[in-house]
Amino acid sequence: MKHGTVTDEFDRAADAYDRLVAANPGYHAHLRVSARRLGADSLGPRPRVLDLGCGTGASTAALLETVPSARIAGVDASQGMLERARAKDWPSSVSFHRARAEELTPAWAERELGGPADAVFGAYLLRNCPDPDALLETAVSLLRPGGRLVLHEYSVADSAAARAVWTAVCWSVVIPAGRTLTGRADLFRYLWRSVLEFDGRREVLARMRRAGLECVASAPLPGWQYGITHTFAGKRSEEVGDGS
């Protein structure tokens, strides 16, 4: 599914997506927690922020609330999700773009943001990419030296208890609700399975280090998703591009 089918499924679910996530206790609050972990005070007075995998704009709203002075570019491969995002009320500092995150370039950032990003945010993104390492390398290339990367992602491989809770919630709530609201269950069965098959927390951190990020760390989110959803953070070296 990661090679195109998942994007089609997000297109089909776009109209119901906001209602689905609104039923998840803590969904928006958790995005705001991860957005705050970007460290807004270190980003500068008018930071350039990339929101990769922005979907219908929930993560974009969390970033805007956390860093209201930022210029934010939301990127997603799903046209249906972007249409929902664009239909909402945004300040002129927010824009949305259809693209695969791993195909972005520093030249694209220069054109759309006016320069390299001070921060890159990716919510529920890495797990859905066919090549997570390529995605991370791209994200690092879009950052200025010292820029911050934060991922907000499910990871249960390191915990049997987390896997059990995730499976129970998916089959008792997420999959039935998704089928009721969209008439299909494909995307929600994929969600359940993709989380179970995704990296453990330690492997995500290792991938981030291999991509060249420093000061890499993770932190859990509170509530029923404790041990299931995590913030992963790191920064690009200050010395990148200094000729040393």
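I will start with the ground rules, then go through the open and closed spaces, helix 8 and the cysteines.

This is a predicted model, in which local features need pLDDT of at least 70, side-chain atom pairs count only at pLDDT 80 or more, and totals for chains, interfaces and linings use all residues. Residues are numbered from 1 along each chain as its sequence is written, and side-chain values use heavy atoms, with hydrogens and water left out.

First, the largest pocket. On a 1 Å grid over the protein atoms alone, a pocket is an open set of points with protein on both sides within 12 Å along at least five of seven lines, a cavity is a set where a 1.4 Å probe fits but cannot get out, and lining residues have an atom within 4 Å of a point. Volumes are the space filled by probe spheres set on the points, with points joined across faces, edges and corners. The largest pocket holds about 930 Å³. Its lining has 47 residues, and F10, Y17, Y27, Y124 and R127 lie nearest the centre. Among the elements giving at least two residues to that lining are helix 1 (5–22), helix 7 (160–182) and helix 8. Helices here are DSSP runs of H or I, at least four residues, numbered from the N terminus. By class, the pocket lining has 32 nonpolar, ten polar and five charged residues; nonpolar is Ala, Val, Leu, Ile, Met, Phe, Trp, Tyr, Cys and Pro, charged is Asp, Glu, Lys and Arg, and polar is the others, Gly among them.

T182 is in helix 7 and is partly exposed, at 22% relative accessibility; buried is under 20% relative accessible area, exposed over 50%, partly exposed in between, with a 1.4 Å probe and protein chains only.

Helix 8 covers residues 186–197. L187, F188, Y190, L191, S194 and V195 are buried in it.

Last, the cysteines. A disulfide is a pair of cysteine sulfur atoms within 2.5 Å, and the count is zero. C54 is buried at 3%, and C129 is buried at 4%.

Methods
Expected span 1.5 Å × (residues − 1).
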